[in-house]
Amino acid sequence: MTTKVRNEPRISVSKMAQYVTSKAARQNQILRNAKFPPDYITTYYREAGDAIARFLASNMTQLSILDQAANSLNQKPADHIHETRRIAGNIDAIEKFAAMLDDIEFGGATPKLGTHNAPHLQVSNVSISVRPEVTLHSKSKTTELVGGIKLHFPVTEPLNEEQAGYICAMMHGFCDSHLSKDGSPFPGHCMVIDMASQQVYPGVQAIKKRMNDVKNACGQIASLWPTVTN
């Protein structure tokens with residue numbers, strides 16, 4: 001059920017990546033859901049996201065975090081069918097992530113838990129919610145380096161390589177705008193872990209070109225936003 005309206009243009013980083021790579025009909029649907037967000041969108045994978053982020057931030061050493069989260073979900077009562085499905089979806093996401101551990105590499109970086117209240121990336125009057133679940137930190141011979149990991153869950157919307165590349169580019173932009181105190185953004189530390197496709201997408205090059213595509217799309221979104229109806 002829709003309970004709120006966003007008067008100012010705002011969109012998640014994953015939806016932004018989908019928007020840039022989609023045709024008009026899908027773009028219109030993305031904008032409607034962004035302006036009139038359903039309640040469940042941001043909370044559906046809450047437990048899985050929290051457990052996976054804490055596990056990654058432990059430098060992937062505390063497998064008990066994943067086990068305990070899955071066990072807790074298995075014992076959680078559900079009052080209705082939606083909650084039953086949500087709990088099952090979270091357990092499935094944790095299990096899929098656990099099967100991907102051999103594919104995750106931090107490149108010598110130190111992981112830290114991200115903040116739930118991260119500022120948005122502002123592009124052409126559009127607020128993009130990037131919010132890295134985990135940040136990555138390392139040091140080259142001359143400077144501190146920083147990046148971030150984005151977790152993607154929805155099983156009905158697996159990312160492809162092109163979309164993941166845009167997310168990595170926006171993560172780079174987020175680090176440049178909001179984590180500069182921690183160092184220079186490093187493409188190799190900006191990655192996406194997609195439970196839906198069970199793929200780990202490493203950082204990309206050609207950041208400038210991708211961000212130019214995002215900028216153009218955001219200009220379109222900002223102009224269309226007042227006309228979007230539910």
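In helix H5, the residues Glu83, Arg86, Ile87, Gly89, Asn90, Ile91, Ala93, Ile94 and Phe97 are buried, where buried means a relative accessible area under 20%, exposed means over 50%, and partly exposed lies in between, computed with a 1.4 Å probe on protein chains only. The model is a predicted one, in which local features need pLDDT of at least 70 and side-chain atom pairs count only at pLDDT 80 or more, whereas totals for chains, interfaces and linings use all residues. Residues are numbered from 1 along each chain as its sequence is written, and side-chain values use heavy atoms, with hydrogens and water left out.

Helices (H or I, at least four residues) and strands (E, at least two) are taken as DSSP runs and numbered from the N terminus. H5 covers residues 81–98, and the 26 Å from its first C-alpha to its last is close to the 26 Å expected for its 18 residues at 1.5 Å a residue; the expected span is 1.5 Å times one less than the number of residues. The cover over the buried residues of H5 includes helix H3 (46–57), helix H4 (64–74) and strand S8, with contact meaning heavy atoms within 4.5 Å.

Strand S8 comprises residues 191–194, and Met191 belongs to it. Leaving aside residues up to four places away in sequence, Met191 touches Glu105, Leu136, Gly148, Ile149, Lys150, Cys168, Tyr201, Pro202 and Gly203. Between Met191 and Ala88 there are 103 residues of separation in sequence and 26 Å in space, C-alpha to C-alpha.

The strand partners of S8 can be taken in turn. Strands of a sheet pair through backbone hydrogen bonds, either parallel or antiparallel, and two strands are said to pair here if DSSP finds at least two bridges between them. Strand S6 (residues 144–152) runs parallel to S8 and is joined to it by four bridges, with Ile149 standing opposite Met191. Strand S9 (residues 199–201) pairs with S8 in the antiparallel sense over three bridges, and here Ile193 stands opposite Val200. S8 and S9 form a hairpin with four residues between them, in whose turn Gln198 has a positive phi of about 55°.

Elsewhere in the chain, three strands form an open sheet of mixed pairing in the order S1-S4-S3. S1 and S3 stand at its edges with a single partner strand each, so one side of each is left without a neighbour in the sheet. Neighbouring strands of this sheet are turned by 30° against each other on average, direction ignored, the axes being lines fitted to C-alpha atoms, for helices over the stretch in contact, with angles from 0 to 180 degrees between N-to-C directions. S1 and S4 pair in the parallel sense over three bridges, and Ile11 stands opposite Ile128 in S4. S3 and S4 run antiparallel and are also joined by three bridges, with Val123 opposite Val126. Helix H1 packs on the sheet, where it touches S1 and S4, and its direction makes about 95° with that of S1. In the hairpin of S3 and S4, with two residues between the strands, Ser124 takes a positive phi near 50°. Both faces of S4 are covered: Val126 and Ile128 are buried on one side, and Ser127 and Ser129 on the other.

Taken as a whole, the chain has seven helices and nine strands. Its radius of gyration is 18 Å, close to the 17 Å that the globule rule gives for 230 residues, so the chain is as compact as a globular protein of that length; the radius is taken over C-alpha atoms, and the rule is 2.2 Å times the number of residues to the power 0.38. Buried residues make up 47% of the 230 residues.
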